[in-house]
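Dear colleague,

I am passing on the structure we spoke about, with some notes on what turned up when I went through it. Please have the sequence and the model open side by side while you read.

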Amino acid sequence: MRVFTAAFAIAAGLIVLMGFFYPAQLESLRLILVDWTILIAGMAILIGIYNLIAVQMEKVRKRQKSGMYGAVLVVSLIITFGLGLILGPQSRYMLLTIDAIIVPVEASLMAILAVTLIYASIRLLRRRVDVTSVLFLIIAVVFLILIMPTPFGPIPGDRAMVDLLGMFSHGGARGLLIGIALGTMLTGLRVLFGIDRPYGGN
Amino acid sequence: MFAFGLLVLTAIVFLALTFWRRRSPGALRIIDAYERLNRSVGLAVENGTRLHISLGRGNLFTARGGSALAGLAMLRRLAERTSVSDRPPVVTSGDASLAILSQDTLQAGYRAAGAEEQYRFSTGRLTGLTPFSYAAGAISAIHDENVSANIILGDLGTEAALLAEASDRENTNLIAASDNLSAQSVFYASSQEPLIGEELFAAGAYVGAGASHEASLNVQDILRWLIILAILLGAGLKLVGAPI
């Protein structure tokens, strides 16, 4: 069975990859495989949600520290899922649930995130005092000053300064992205050759 | 056609180097974060504490899946190494397919170590499907599961700051890398030894995942040099006014 899953996965991966280079010959087959993938991904979400419920219920059963939150999560999930099935995702009540609960909670986390980022920047020099950390902090502060609105209008020369700093940061970002693209390509090749098999075990 | 040729050439060089590395393993340069990771694994087994491994929310059906696959390769090796521990690692992710694969990888790791009975499906968890719900669920694992080290490896956004902060509050080791530039800058500010850029993809080689992972690093180095030469050549040609 493991050999079959590996052979199927490698063949599917190769067909999808080759489909990009030889669209005339393989496009239709590639699209069929992509459609199957979308279906499986949809099922995976349901299995993932079952996993989420099972883990939270285990917390409740074992009376773990955050068991109470787990119970709230499961009850909310069942109510929302039930309402969604009965009323439909576009119903007024469903939209109200999103606007009144999910959006404010995520916005609150975003606010906490802003504070957390400021706190992390302040503590950066306590963790590491080296040239790159100091440069990182100075450039971040200068960027923030240059792009923030002031009561006196734009800071003179702000655009030129942003462009100058941007030249270095964009260059660095491209370098990082090239490295990541190379890493992604090699990781993909390992999976295509069946050397790394996160499916079915090896 | 150029891209296809480059891909085939890369594949041939990769396979050749993999066979070569099987015969003569190479020496890797020291990366402090991975040194700390290897120490943390040993300490967790000795202390009876857990590792928390977070694989991010990289969807495997997009280009972001590469970092998730790199994380899974590392997870496989860590599962084998911690199979003797009383407390198995907890793996969290923000993508359903990734969560299923993390369970499968954990099980395969235990099976390879001859300790399949150690596997619990609840150790591979989907914590949420949106960035913040994923972070909220992973934070709960950091606080409640007697974790001694947090290994965050994968595709995350700025919500990574919340995970780093939670790790700091619990006074646990943090080894973190991402393919996302925002998350990289967050980790740069909040971890002791940051991992930058493609160092994320070196995780497998540094936890002893095998010759293919070392060969991958060699191929990346070769390609990086080719790209540097191409950029310099292109800039030089442009400078002299050649049509490119």
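In chain B, of the contacts with a separation of 6 or more, 73% are between residues 24 or more positions apart. Please keep in mind throughout that this is a predicted model.

To begin with the overall build of chain B, its secondary structure consists of nine helices and five strands, and along the sequence these follow the pattern α-α-β-α-β-α-β-α-β-α-β-α-α-α. The radius of gyration of chain B is 19 Å, close to the 18 Å that the globule rule gives for 244 residues, so chain B is as compact as a globular protein of that length. The C-alpha trace spans about 65 × 40 × 30 Å along its principal axes, and 57% of the 244 residues in chain B are buried.

Chain B is divided into domain 1, residues 30-207, and domain 2, residues 210-244. Taken over C-alpha atoms, the centres of these two domains of chain B are 31 Å apart, and the contact between them takes five residues from domain 1 and four residues from domain 2. On the domain 1 side, the residues that touch domain 2 are three nonpolar, one polar and one charged.

Helix α2 of chain B, residues 32-47, can be followed in some detail. After the helix comes B:G48, whose phi is positive, near 75°.

With 21 C-beta neighbours inside 10 Å, where 20 or more are needed, B:Y206 counts as buried. B:Y206 and B:A73 are 133 residues apart in sequence, while their C-alpha atoms are 11 Å apart in space.

Turning to the interface, 53 residues of chain B are in contact with 48 residues of chain A. Several elements of chain B each supply at least two residues to the side that touches chain A, among them α1 (2-23), α5 (131-144) and α9 (211-239), but the largest share, ten residues, comes from α4(B). By class, this side of chain B has 29 nonpolar, 15 polar and nine charged residues. Helix α4(B) has 17 residues and reaches 24 Å from its first C-alpha to its last, close to the 24 Å expected at 1.5 Å a residue. It is mostly covered, with 14 of its 17 residues buried, and just after α4(B), B:G114 takes a positive phi of about 75°.

Finally, two backbone angles deserve a glance, given that most residues other than glycine have a negative phi. A:R63, which is not a glycine, has a positive phi of about 50°; A:R63 lies in the loop between α2 (23-61) and α3 (67-87) of chain A, and is exposed, with 8 other C-beta atoms within 10 Å. In chain B, the residue to check is B:N146, whose phi is near 55°, again a positive value in a residue other than glycine. B:N146 is found in the loop between α5 and β4 of chain B, and with 15 C-beta neighbours inside 10 Å it counts as partly exposed.

With best wishes

Terms used
Residues numbered from 1 in each chain as written. Chains lettered and ligands numbered in written order. Predicted model: local features only at pLDDT ≥ 70, side-chain atom pairs only at ≥ 80, totals over all residues. Helix = DSSP H or I, 4+ residues; strand = E, 2+ residues; numbered from the N terminus. Contact = placed C-beta atoms within 7 Å. Nonpolar A, V, L, I, M, F, W, Y, C, P; charged D, E, K, R; others polar. Buried ≥ 20, exposed ≤ 12 C-beta atoms within 10 Å, placed from the backbone. Domains from an automatic or database assignment. Rg over C-alpha atoms; globule rule 2.2 N^0.38 Å. Expected span 1.5 Å × (residues − 1).
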